Amino acid sequence: MTTTLQNIDSIGPLADGNNTEPADPVRADYDEGRRFLQNGEYPQAAVSLHNALVGFDERGDEAGIANASNQLGHVCLARKEFKQALEHYQRAWGICEKLQDQMSMIALQKKLIEVFRGQNNYPKAIETCLNLLDSYHHNNDPRGTVEILEEMALIYLDSGNKGKAADAYRTVASIHRNFRHHGIAESYEKKAEDIERAA
């Protein structure tokens with residue numbers, strides 16, 4: 001393991017205990033907001049992340065804006081404020097798309113599915129799932145494909161489309177069968193049959 005050591009000449013004297021000013025107050029707001037979010041303290045998280053967003057905005061720091069917007073989306077989603085969550089995620093999406101940050105766009109799409117489900121906007125939720133399926137197909141990611149197909153089955157069930165839910169579970173079963181996960185495949189086949197039987 002290699003580590004890069006700081007040049008000894010650049011090390012300054014220790015700050016006295018009275019200096020509590022963080023090196024970067026905007027970053028401090030962002031980190032504090034994330035901590036509040038993780039602890040479920042949503043009002044405090046919203047304030048800290050909003051302050052960070054304003055700071056990143058003033059600097060023109062696009063990565064900071066995207067990260068703060070994304071975290072604010074999480075706060076709004078946790079509070080079931082779906083319209084505001086969508087606005088924050090869309091702002092983050094625009095920056096990630098511009099920067100061609102594919103991994104962040106995949107993560108954002110998963111959150112957008114949650115937003116659309118919360119709004120009972122099933123067509124948009126399914127459309128977003130299909131976009132993600134396309135990404136997973138191009139990246140040869142069967143695990144991601146299975147996760148999204150399971151999500152689609154739940155969305156179809158929520159929207160009353162039991163036939164498509166059963167089809168999604170059968171597709172999951174066939175993927176597992178291709179990897180010789182026969183027991184798991186049979187469990188998804190059974191889910192599909194149970195849905196059709198109850199229809």
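Reader: Which residues of α3 meet α4?
Author: In α3 they are Glu-62, Ile-65, Ala-66, Ser-69, Asn-70, Leu-72, Gly-73, His-74, Cys-76 and Leu-77. On the α4 side they meet Phe-82, Gln-84, Ala-85, His-88, Tyr-89, Arg-91, Ala-92, Ile-95 and Lys-98. Contact means heavy atoms within 4.5 Å. Helices (H or I, at least four residues) are DSSP runs numbered from the N terminus.

Reader: What is the make-up by class?
Author: The contact of α3 with α4 has 10 nonpolar, six polar and three charged residues. Ala, Val, Leu, Ile, Met, Phe, Trp, Tyr, Cys and Pro count as nonpolar, Asp, Glu, Lys and Arg as charged, and the others, Gly among them, as polar.

Reader: Before going on, where do the numbers come from?
Author: This is a predicted model, in which local features need pLDDT of at least 70, side-chain atom pairs count only at pLDDT 80 or more, and totals for chains, interfaces and linings use all residues. Residues are numbered from 1 along each chain as its sequence is written, and side-chain values use heavy atoms, with hydrogens and water left out.

Reader: Back to α3 and α4. At what angle do their axes cross?
Author: Roughly 155°, and the axes come within 8 Å. Axes are lines fitted to C-alpha atoms, for helices over the stretch in contact, and angles run from 0 to 180 degrees between N-to-C directions. The angle makes α3 roughly antiparallel to α4 (over 145 degrees).

Reader: Is that crossing left-handed or right-handed?
Author: Left-handed. That term applies if the near helix is turned anticlockwise from the far one by less than a right angle.

Reader: Next pair. How do α4 and α5 pack?
Author: Their axes are 10 Å apart, at an angle of about 160°. α4 and α5 are therefore roughly antiparallel to each other, and α4 passes α5 in a left-handed crossing. Residues in the contact include Trp-93 and Cys-96 of α4, with Ser-104 and Leu-108 among those of α5.

Reader: And α6 with α7, at what angle do they cross?
Author: Roughly 165°, with the axes of α6 and α7 (residues 142-158) coming within 9 Å. α6 and α7 are therefore roughly antiparallel to each other. Among the contact residues are Ile-126, Leu-130 and Tyr-136 of α6 and Ile-148, Met-152 and Tyr-156 of α7. By class, the contact of α6 with α7 has 13 nonpolar, three polar and two charged residues.

Reader: Changing topic. What volume does the largest pocket have?
Author: About 210 Å³. On a 1 Å grid over the protein atoms alone, a pocket is an open set of points where a 1.4 Å probe fits, with protein on both sides within 12 Å along at least five of seven lines; lining residues have an atom within 4 Å of a point. The volume is the space filled by probe spheres set on the points.

Definitions and conventions:
Helices (H or I, at least four residues) and strands (E, at least two) are DSSP runs, numbered from the N terminus. Angles under 35 degrees count as roughly parallel, over 145 as roughly antiparallel, 65 to 115 as roughly perpendicular and the rest as oblique.
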